[in-house]
Amino acid sequence: MRQFLPVEDLARDERFVQTNMAARLADKRSAIPVADKGDAPARKSSKSRGSNNRLTPDRHDASDAARGLMHGIMVGEIQALEGAGRTAHDFEAGDGSGDTIPFELKLDMARQAWDEARHVEISAKLSDWMGTELGEFQENTVLFEAACSNDPVLRLAGVNRALEGLAIDVFTQMKEFGQLADDPFLEFCEDWMLADEVTHVKMGSDWLRKVTENDPDRRTKALEFQQVVDKLFSFGGARSDSDESSFQLARRFRELAGFTDDEVATIAEMDLMALEERKAAVRAMQETASLDSTPA
């Protein structure tokens with residue numbers, strides 16, 4: 001079987017609609033509030049929610065936001081399945097040096113692929129339960145792209161720790177959404193998948209430290225890559241401890257997944273910085289739009 005499959009060769013049928021991250025986030029139905037220069041309704045909606053943007057059932061756009069998020073979870077699970085499977089296959093068994101990985105790491109990736117396959121099935125059924133058809137929302141393939149590195153340690157940092165870490169935050173929020181919406185199916189399924197995600201992140205934390213135990217430069221490079229992915233997927237502060245963000249940092253579950261207090265603090269600080277940068281950008285756009293609409 002072919003090794004190191006490029007993202008262009010992922011198997012998708014005609015129901016899937018692929019796009020880039022910017023276009024996906026520009027979807028007005030996103031759980032992440034959208035505001036741009038020509039989007040007065042979005043600005044008004046954001047204002048009407050005050051300073052609280054958490055994804056809760058009382059948000060006026062809760063239905064579309066939750067359905068879009070669940071669709072995003074489903075295609076993310078497909079890519080996570082593909083990524084874990086590729087990591088188990090792409091590298092020869094060895095001591096972890098060079099382009100080898102320990103055989104036990106292969107077994108963990110195989111276990112994760114099995115978990116993700118189950119998550120795909122659960123998320124597809126939840127999407128149907130919530131009234132969503134496959135392809136109703138677009139798919140961006142950044143998760144699989146993070147799983148295409150030639151260094152398996154970067155895959156552990158970018159996918160298992162950064163993106164699966166984000167999954168911990170998102171699933172925690174969706175579980176809470178199910179509780180508030182009095183939807184036991186959503187709440188139970190999210191709680192179940194959340195337990196698996198904590199395990200996947202813990203595997204990434206443990207293997208990253210073990211494989212780089214005697215190679216501090218490789219570990220530093222991997223953690224720097226993780227920070228790049230973490231910032232990219234904070235979606236301009238859409239995840240942070242602030243109520244202005246759609247998702248909260250799930251500190252307790254991240255601790256269980258092997259994050260140190262300092263690592264969690266670093267992510268929290270980075271998220272808040274991203275939030276402030278996005279707010280400043282939105283203010284600048286609104287001021288420009290206001291000047292453009294002022295009669296000469």
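Predicted model: local features only at pLDDT ≥ 70, side-chain atom pairs only at ≥ 80, totals over all residues.
A residue counts as partly exposed when its relative accessible area falls between the buried limit, under 20%, and the exposed limit, over 50%. Trp 129, at 47%, is therefore partly exposed.

**Phe 4 and Phe 91**

- Phe 4 and Phe 91 make an edge-to-face pair, with 5.4 Å from centre to centre and 90 degrees between the planes.
- Phe 4 belongs to the segment before strand E1 (18-19), while Phe 91 is in the loop between helix H3 (62-90) and strand E2 (92-93), so the pair ties together parts 87 residues apart in sequence.
- Phe 91 has a relative accessible area of 1% and is buried, whereas Phe 4 has 34% and is partly exposed.

**Trp 129 and Phe 185**

- The pair of Trp 129 and Phe 185 is also edge-to-face, at 4.9 Å centre to centre and 65 degrees between the planes.
- An angle of 65 degrees qualifies because edge-to-face applies to planes over 60 degrees apart.
- Trp 129 is in helix H4 (residues 103-129) and Phe 185 in helix H7 (residues 184-211), so that this pair links distant parts of the chain, 56 residues apart.

**Charges over the ring of Phe 259**

- Arg 161 places its charged end over the ring of Phe 259, 4.3 Å from the ring centre.
- Arg 254 lies over the face of Phe 259 as well, at 5.0 Å from the ring centre.

Conventions
Residues numbered from 1 in each chain as written. Heavy atoms only, no water. Phe/Tyr/Trp six-rings, centres within 6.5 Å; stacked < 30°, edge-to-face > 60°. Helix = DSSP H or I, 4+ residues; strand = E, 2+ residues; numbered from the N terminus. Buried < 20%, exposed > 50% of the residue type's maximum accessible area, 1.4 Å probe, protein only. Lys NZ or Arg CZ within 6 Å of the ring centre and 35° of its normal.
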